[in-house]
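Subject: Structure handover

Hello,

Here is the structure I promised you. Please open it next to this email and follow along.

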Amino acid sequence: MLSRWLSPTLSPSAQSAIRGVLLTIFACALFAVLDSATKFSGKLLPVLMVLWLRFVAQAFVTSVLVLPRHGLSALKTRNLKFQLLRAISGLLTTVCAFFCIQNMPLANFTAIWSAAPLFIVVASALFFKEQVSPARWALLVIGLLAVIAIVRPENDGQALGLAALWPVGLLISGTTYQVLGSRLSRLDSPPTTQLYSTWLPILLTTPLVGLVWQPIDHWQIYAAAAVMGLCSGIGHLMLLQAYTHATPATVAPFLYSQIGFAMLMGWLFFGQLPDSTSLIGMAVVTLSGLMGVWLGIREKR
């Protein structure tokens, strides 16, 4: 379908790169809608119930998209321990993200999440002994200061409470999730990792969800669960597909479009807009991330 939008005068490599960029932007738009549906559901149901419904819907969509094409062979993994650790870190990331989404505008949450690639630098240096340039360490410090400017717990009348700790947990668990995903990409196929990342959280949360389960009286909850599953399943597959058309360096800058989509969703559905300090923090996070991409391209030359 994307081919009809592209000029036939463009070279095949240019057309492929544009497809990758468009898929990335569409995926970011879906992720912003996903966060909106999560925020809506969290106002009506207990957190564990919302997360369980999200995982079930996402696992269903992922299975429908993956299993008919790849069959049961998609369940074969070369490192079950890594898959389990990634699923646990993904579950913790989702929990932290849920509370961030409930306690701040969507754009603020998305900007904080967008700083996670900067923190991968720390993980790479500490756990994999990779060389990190002084410029990357400087970007990390700048990005951290920007995140603090976005969170600003004193706005809620508390010096340093849970509202400030959830973003910290988000960055720690999210960084772990992404680092493990990078390592697993060398061992298992993306469909295999995605299946484990969606089904293992269900197995971990199902024994507990009965403790907080309550009747669902609003049809909007079922609609929100369907939206969460569709946006998450399709969005992640679109992002994986984007990397088959374009290089990570080409795709990475457009991941920050999710901040704009989140700002739009927050304004449309919740009447929330970031203040001027938060907007400056978002701009710094975005520029730091783009500078990190540029440094990555330069270091590979």
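Let's start with one stretch of chain. Residues 52-72 are 90% helix and 0% strand, and their end C-alpha atoms sit 24 Å apart. Helices here are DSSP runs of H or I with at least four residues, strands are runs of E with at least two, and both are numbered from the N terminus.

Two notes on the source. This is a predicted model, where local features need pLDDT of at least 70, side-chain atom pairs count only at pLDDT 80 or more, and totals for chains, interfaces and linings use all residues. Residues are numbered from 1 along each chain as its sequence is written, and side-chain values use heavy atoms, with hydrogens and water left out.

Where does UniProt place the feature "transmembrane region"? The unreviewed entry lists residues 52-72, 84-104, 110-128, 135-153, 159-181, 219-239, 251-270 and 276-297. UniProt positions follow the numbering used here, feature names are shortened, and annotations may be inferred rather than shown by experiment. Take residues 251-270 from that record. This span is 75% helix and 0% strand, with its end C-alpha atoms 29 Å apart.

Now the whole protein. It has twelve helices and zero strands. Buried residues make up 47% of its 301 residues. Buried means under 20% relative accessible area, exposed means over 50%, and partly exposed lies in between (1.4 Å probe, protein chains only). The accessible surface is about 15300 Å², and 70% of that belongs to carbon and sulfur atoms. Areas come from the Shrake-Rupley method with a 1.4 Å probe; for residues, only the protein chains shown count as cover. Among contacts between residues at least 6 apart in sequence, 84% join residues at least 24 apart. A contact means heavy atoms within 4.5 Å.

Next, some places inside. In helix α4 (residues 106-114), eight of the nine residues are buried. Among them are Leu-106, Asn-108, Phe-109 and Ser-114.

Ser-89 is in helix α3 (residues 80-103). Is Ser-89 buried or exposed? Ser-89 counts as buried because its relative accessible area is 6%. Leaving out neighbours within four places in sequence, Ser-89 is in contact with Ser-173, Thr-176, Tyr-177 and Leu-180.

Ala-225 belongs to helix α9 (residues 219-245). Its relative accessible area is 10%, so Ala-225 is buried. Ala-225 touches Leu-53 and Ala-57, not counting residues up to four places away in sequence. Ala-225 and Ala-37 are 188 residues apart along the chain, yet their C-alpha atoms are separated by 7.5 Å.

Then the cysteines. A disulfide is a covalent bond between the sulfur atoms of two cysteines.

Last, the outside. Leu-145 lies in helix α6 (residues 134-151). Leu-145 is exposed because its relative accessibility is 55%. Leu-145 and Gly-281 are 136 residues apart in sequence, and 8.1 Å apart in space, C-alpha to C-alpha.

Leu-273 is in the loop between α11 (257-270) and α12 (276-300). With a relative accessible area of 53%, Leu-273 is exposed. Leu-264, Trp-267, Leu-268, Phe-269 and Leu-273 make a nonpolar surface patch of about 550 Å². Patches are made of residues with over 30% relative accessible area and no salt bridge; like charges are joined within 9 Å, nonpolar side chains (Val, Leu, Ile, Met, Phe, Trp, Tyr) within 5 Å. A salt bridge is a side-chain nitrogen of Lys or Arg within 4 Å of a carboxyl oxygen of Asp or Glu.

Best wishes
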